[in-house]
Amino acid sequence: MIKFFQTIYTIYAAILFIGLMLVLGLFIVLPVMISEKGDRISFFFIRSWAGIWSFLSGISYQVEGLEHIDRRQPYIFIFNHRSFIDAPVIPMAIPQTLKALGKKELSKIPVFGWIVGRFAIWVDRTSTESRRKSVKKLVELLSKGKSVVVAPEGTRNDTDQTLLPFQKGAFRLSIETGIPILPMAVIGADEIMKRGSLLLKPGKVRIYFSEAISPPQPSETAILELSQKCRNRLEAMLLTHE
């Protein structure tokens, strides 16, 4: 019986998500098509999309640690990726305009891929050339003072481990550009959509930011050292707050 009501709720949430996307999609995309500086207007509508959907779906957010974010400073945000619900979490939690590194497969979703593609850099993780091009684009964005968000695990964590092994891209990027990394712990998203299931349920997502971590000087071990430091910080945040 519980699964039946959860199925009805999931259908309702999906229809609501698509409906809001169709209504607000043009307002999200048009400003950045006209001007690169239109991203602030676009993000207002992105947050409206995520906020209205979350409110009407019974999903709430608790954000702590915003004092660690200087809105004039670009960051490389990293987060633990456990659920597809992380997508609305990012614009709801981070008070900056930014771009995300996303799987190329998501770009193939009708309408959604077209809209989100304006604010994402798609990467084929099986292609070295695709990863190289994505890093180049991220460097260009960071040089313009734009923040980016990366899931360093590389994929959704469907295991019982706190974190999957980290990919090197975000940390190499930080060292090359000198842009600090800001860890972001997302807790509760996997309770709203449990791994191995497409069913949703209402709930609360808690997001915690820590102090930014400045990259070390380039060296043979710098990437590994930065990766390990960030992993330890994010893991500690998760274990402390879960």
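I will start with the ground rules and then take the rings.

This is a predicted model, in which local features need pLDDT of at least 70 and side-chain atom pairs count only at pLDDT 80 or more, while totals for chains, interfaces and linings use all residues. Residues are numbered from 1 along each chain as its sequence is written, and side-chain values use heavy atoms, with hydrogens and water left out.

Rings of Phe, Tyr and Trp (its six-membered ring) pair if their centres lie within 6.5 Å; planes under 30 degrees apart are stacked, over 60 edge-to-face, and the rest tilted. That rule gives 10 aromatic pairs. One of them is Phe43 with Phe119, edge-to-face, at 5.6 Å centre to centre and 85° between the planes. Phe43 is in helix α2 (residues 39-57) and Phe119 in the loop between α4 (112-116) and β4 (120-123), 76 residues apart. Helices (H or I, at least four residues) and strands (E, at least two) are DSSP runs, numbered from the N terminus.

Are Phe43 and Phe119 buried or exposed? Both are buried, meaning under 20% relative accessible area; exposed is over 50%, and partly exposed lies in between (1.4 Å probe, protein chains only).

Phe44 and Phe45 also pair edge-to-face, at 5.2 Å and 80°. Phe44 is exposed, at 53% relative accessible area. Elsewhere, Phe17, Trp49, Trp53 and Phe112 form one aromatic cluster.

Last, helix α1 (residues 2-34) holds Phe5, which counts as exposed because its relative accessibility is 52%.
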